[in-house]
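Please work through the following exercises on the interfaces of this assembly. Each task is followed by a solution in steps.

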Amino acid sequence: MTDWLSPTEWQAVALSLRVAFWATVISLPLGIWVAWLLARREFPGKQVLNGLVHLPLILPPVVTGYLLLITFGRRGYVGQFLDQWFGIVLAFRWTGAVLAAAVMAFPLMVRAIRLAFEAVDPKLEQAAGTLGASPAWVFLTVTLPLILPGVLAGAVLAFAKAMGEFGATITFVSNIPGETQTLPSAIYAFLQVPGGDAQAFRLVIVSIAVAMGALIASEWIGRRVARRIGGLG
Amino acid sequence: MMRVVAWGVFLLGCLFFLLPLVGMTEFSLKMRRGVYSFDAYAAVFGDPAFWATFGYSLALAAATIVVGVVLVVPTAYWVRLRLPQARPFVEFITLLPLVIPAIVIVFGYIRMYNTSSFLPLTGSALGTDILLTMGYATLALPYMYRSVDTGLRTIDVGTLTEAAQSLGAGWVTILARIILPNVMVAVLSGAFLTLAIVLGEFTMAALLNRPAFGPYMQLLGANRAYEPPALAVIAFAITWGCMGLMQLATRFAKHERAKA
Amino acid sequence: MSFLSLSHLEKTFGTNRVVKDFNLSVEKGEFISLLGPSGCGKTTVLRMVAGFETPTSGGIVIDGQEVTGLKPNQRNIGMMFQAYALFPNMTVAENVAFGLKVKGVAKDKRDARVEEMLRLIGLPEMGGRYPFQLSGGQQQRVALARALAPSPRVLLLDEPLSALDAKVRVSLRNEIREIQRELGITTIFVTHDQEEALSMSDRVVVMNGGIAEQVGAPFEVYNRPSTRFVATFVGTLNVFDGAVTGPQSVTLAGVPVTLAEPVEASKGATVALALRPEAVQLGRVEGADVVLPATIESVEFLGSIIRVRARAGGSVVALDTFNRMDAPPPAIGAETEVSLHARDLIVLAG
């Protein structure tokens, strides 16, 4: 495997995996919470929240990246704050790529988890509540196990999307080999130089394999959740 | 207590989203020293390249929508009518563009249709435009398919088809006069989404070297100071506009029904 | 030569034979019902005539034209569906005009025909409405107008009344029959409701398990059912066991009876004797062939008819009497007698 890819290519693959992993992990709790809000609660501004969540899906990725840059960049107000107080710098670092990937993958994750929430009969939760369980306890012991497959499916989908994110990443953190050059950025870079086709091709294969694998896993998990919930009803 | 915390987090989230927008908008108004002005916007709208690329992307979006509708409506209809067992497979296919990076797709295009291939589409501007349209249609496929499929769910496809057949209608008539009008709202909502995606798409247009709006935004963003935020605000407005139009399309349909 | 003929129709789905050697000749202008429980193949037969299913074997001829291999849109038939199936995006007038438009009928002729059809179904003012603005009964009448507008050779009705509520169902069935008579259009009507089949049809085809058990006029099917299935599916029935004592005689609950027709069973065998509730009378009736002591078990007051169940001759007998203001229904548990006539007994085969 290591022979098959050159060190530069291998670096890009490893970086992408790391970025996608952290992007998925950090956005998961927020994703579950937002999905729950959208599936279960009625509140003013729900449509706005729904729109905001889906925004990265349709907003030009370049604009999303630009927004991230002016917010989290060295001169952005959040970026400055993080730098001064915590010494965290996001722009042009792999951590910034994590943020960009997380934002771009967020809509897909929320969508999958929201569907899982909507498939759970609220009566089950109410029943647990009448048995004296606190809301948090109900969530942990009743709801979460039921939506777990949906959560996994959403996480896998988000992971795949994060692996392939390009437009926002390159705008926010640029294309620095070893630091921010993820798989798609590397493919892009190889395509810019003459004779880079063969290298790009190998990375494309890796990219497709990851995407297909993730999607198949997600569909498989999703199918299982449907069966399980169906069996309960 | 929980409620207060939840609202606090919610407000914080809103600020998180809104502050950059406000900051960006404010910045875009500061081109003239000391006072707020629309100079940056004037500069953007005054740039012929803006109109050229915007017009080009708009035209391609229209072509993409047509291709998408022609491809998706009959397919979704046929799967519902005759191949329900193929549904999981088709849904899987339509999800692929969500996770396969656009750069991978365009890489495939460049290799398949380069000037030395059997179909040298990249050799001419028109050929490349066709290729780009196909690429955009692929990107928009998940949204268009989901939307149309949901639309089809609201009508009894099988019985309406049989009713039309018994009245002498063939497939073209059924699709054009019965199926399409009944999923028009779904098609429109998918079309606005497609429009938003195509207008902002960068990767494909850049790699195929076409003068589209996405690469223009990128170029401007890299070379200017005040115009990019103005352009971002414009792009944002267009996107929200598309979403609003989608909402409006759904509203309008509900209104039609509610008259009963 | 009949107008519509179905010969040796067979339909197999996988290994499941849903229609078996189905034969039927329909005269021009006739109203035929296919009656049977769900899954008996009646809808499949209708769908084969419409062209939505291709017969596994056998042929369909309409007006001298072999249509077995034709597509549905080439057959010139009209069809009504259970779920109305009006095109939701079109007005009532556009729905009715659809078939004519497809045929390429000129606009002025089309408009005239639409108007004529809307008047026929009694909704002349509704042309501009959309289907969702109409009641179920109105929608189904529009569906009828739409099916009839292109002047089809055959009208096919697939349980068109099932989705409607009881009152509308009765009025609409009369209306459909009236319009059918007026136009003289050959019609096949599929239903699982025996009352609909008996009240509307010239002839009824009773189907079970993919075969036609009996074809005949309603009067005939009801009074002379040819099989046990037909007898029990169409209407309510009392069934007694009779012991055969001679070529035309049996004993029923110990009472010797001479039947109207010869029995096709050897002496000593047991045959099933059926009797409609309206043929059993309460009390001792002058000239009755059999009178049995009975205990009243239940009384159902249905309005014009009172249905009584009484235990007699070792089984429960249902009997119908007309309501009379001067004779209140019997009390439950009352001891009485029931009378019946040998001529009303039906010997059931199979």
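**Exercise 1: chains B and A**

Task: determine how many salt bridges (a side-chain nitrogen of Lys or Arg within 4 Å of a carboxyl oxygen of Asp or Glu) link chain B and chain A.

Solution. The count between chain B and chain A is 0. The side of chain B that touches chain A comprises 36 nonpolar, 5 polar and 3 charged residues, where Ala, Val, Leu, Ile, Met, Phe, Trp, Tyr, Cys and Pro count as nonpolar, Asp, Glu, Lys and Arg as charged, and the others, Gly among them, as polar. The two chains bury about 4,200 Å² between them, 82% of it on carbon and sulfur atoms; buried area is the accessible area (1.4 Å probe) lost on being put together, summed over both parts.

The model is predicted: local features need pLDDT of at least 70, side-chain atom pairs count only at pLDDT 80 or more, and totals for chains, interfaces and linings use all residues. Residues are numbered from 1 along each chain as written, chains are lettered from A and ligands numbered from 1 in written order, and side-chain values use heavy atoms, without hydrogens and water.

**Exercise 2: chains C and B**

Task: identify which side chains form the salt bridge between chain C and chain B.

Solution. First, the rule finds 1 salt bridge across this interface. Its partners are R47(C) and E162(B), at 2.6 Å, N to O. Next, chain C and chain B bury about 2,000 Å², 67% of it on carbon and sulfur atoms. On the chain C side, N73(C), F98(C) and F132(C) lose the most area to chain B, together 27% of what that side buries.
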